[in-house]
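The questions below ask what stands behind a few of them.

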Amino acid sequence: MSQKIIVTGGCGYIGSHTVVELILNNFEVVIIDDLSNSNKKTLERIEKITGKLPSFEFLDLKNEEETKSAFKKHKDAVAVIHFAAFKAVAESVKNPLMYYKNNLLSLINTLEFQLEQGINNFIFSSSATVYGVPEELPITEENEVQRPFSPYGNTKKIAEEVLEDLVKTASNLSAISLRYFNPIGAHESGFLGELPNGTPNNLMPYITQTAAGIRKELQVYGNDYDTKDGTPIRDYIHVVDLAEAHVKALQRLLNNEQNKPLEIYNLGTGNGSSVLEIIKSFEKITNISLNYKIVERRPGDVEKLYANTALAKDKLNWECKRGIDEMIASSWKWEENLKKEQ
Ligand code: UD1
């Protein structure tokens, strides 16, 4: 019989790609989502790829009663993968309480009610943003965590602290926190991808929407950084590679292979690309000339950020298989498919 996994935020970008990989690895998936920044249509998209429609619980994890009863209903689950959270940096700066309330209450309710039902395995969706301005590169998990620039980022740091405290108690919790670098790309089928509500904040959806004519112009935030071409360096990782890492982390938890009750892993490729390199690759792959302009730096952006991935390779037995060209080509295929749907 397949093991049941609860995926909160499973209709979102990284959540939905992870649900696909879980189903392909014979897990039974229950998605909990309030659809605040996602779409129910994602369930059909997942079915189109995997042939299976995941179970769905429409609920807001801030609601204690509903969360409690959902975990009671699915108490036969063996693990929770917790993606559900708000993630727009600028919005969190404008409205910190909204971010602290949503991201922390939903985390606390999830942990409380899953543990109440004896579901002791937990995977958390963290971010490289917890490293702040890195002192050395590539960054290992040993690097000191700093207070992130934004309330959004701070909710990730606080969440890891909550987990740290909780595993010290008699809670039986076994947790893995995964620190994502810059996830981009889409499922190779073109049926699943990132679908930000409103104006995108991140680079890749902004690029594809500009190329598709939805946005007039891409703004490149600064070219006076101390990097090869003056634009910031990031570690872009294919969302399907990222999704596969969640399955590996889950298997580690289920096989009781952990060295300690809370493990933390960087999920990146280890390679850095500049903003201009991404733009040039996009233009080369799609044969589209992007309308872009260099503007002022964006407050809070760091110059260079890329991962040391040795720990994930060693302990999760996981490595990225897909390169920048596949990330860009799949993002574009998804954007073109979305256009055709309209
Ligand atoms: C951002 C967040 C980070 C969050 C991550 C995932 C900040 C400071 N960091 O990471 O906390 O975990 O998204 O949601 O917001 N760029 C442009 N023009 C654009 C958009 C981006 O030039 O229109 C540049 C940025 O300056 C940056 C790079 O592209 O150098 C990547 O930006 P983005 O995709 O927003 O990711 P991060 O800033 O790395």
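Predicted model: local features only at pLDDT ≥ 70, side-chain atom pairs only at ≥ 80, totals over all residues.

Q: What makes strand 5 count as mostly covered?

A: Buried means under 20% relative accessible area. Seven of the seven residues in strand 5 (residues 121–127) are buried, so each of them falls under that 20% cut-off.

Q: How do you know whether one face or both faces of strand 5 are covered?

A: In a regular strand the side chains alternate between the two faces of the sheet. In strand 5, Asn121, Ile123, Ser125 and Ser127 lie on one side, while Phe122, Phe124 and Ser126 lie on the other. These residues are all buried, and both faces are therefore covered.

Q: Why is strand 4 said to pair with strand 5?

A: Pairing requires at least two bridges between the strands. Val80 stands opposite Phe122, and His82 has Phe124 as its bridge partner.

Q: What joins strand 5 to strand 6, and in which sense do they run?

A: Seven bridges join strand 5 to strand 6 (residues 174–180), and the two run parallel. Phe124 has Ser177 as its bridge partner in strand 6.

Q: Why is the unit of strand 5, helix 6 and strand 6 called right-handed?

A: The term applies if, with the strands pointing away from the viewer, the path from the first strand over the helix to the second runs clockwise. Strand 5, helix 6 (residues 151–167) and strand 6 make a right-handed β-α-β unit, so their path runs clockwise in that view.

Q: What makes strand 3 and strand 11 edge strands?

A: The open sheet has seven strands in the order 3-2-1-4-5-6-11, with parallel pairing. Strand 3 (55–58) and strand 11 (262–267) each have a single partner strand, so one side of each lacks a neighbour in the sheet. From one strand to the next, the twist averages 20 degrees.

Q: Which values describe the packing of helix 3 and helix 5, and which residues make the contact?

A: The axes of helix 3 (residues 64–73) and helix 5 (residues 96–116) come within 9 Å and cross at roughly 35 degrees. The crossing is right-handed. Helix 3 contributes Glu64, Thr67, Lys68 and Phe71, and helix 5 contributes Asn109, Thr110, Phe113, Gln114 and Glu116. By class, the contact has two nonpolar, four polar and three charged residues.

Conventions:
Residues numbered from 1 in each chain as written. Heavy atoms only, no water. Buried < 20%, exposed > 50% of the residue type's maximum accessible area, 1.4 Å probe, protein only. Helix = DSSP H or I, 4+ residues; strand = E, 2+ residues; numbered from the N terminus. Axes fitted to C-alpha atoms, helices over the stretch in contact; angles between N-to-C directions. Left-handed = near helix turned anticlockwise from the far one by under 90°. Contact = heavy atoms within 4.5 Å. Nonpolar A, V, L, I, M, F, W, Y, C, P; charged D, E, K, R; others polar.
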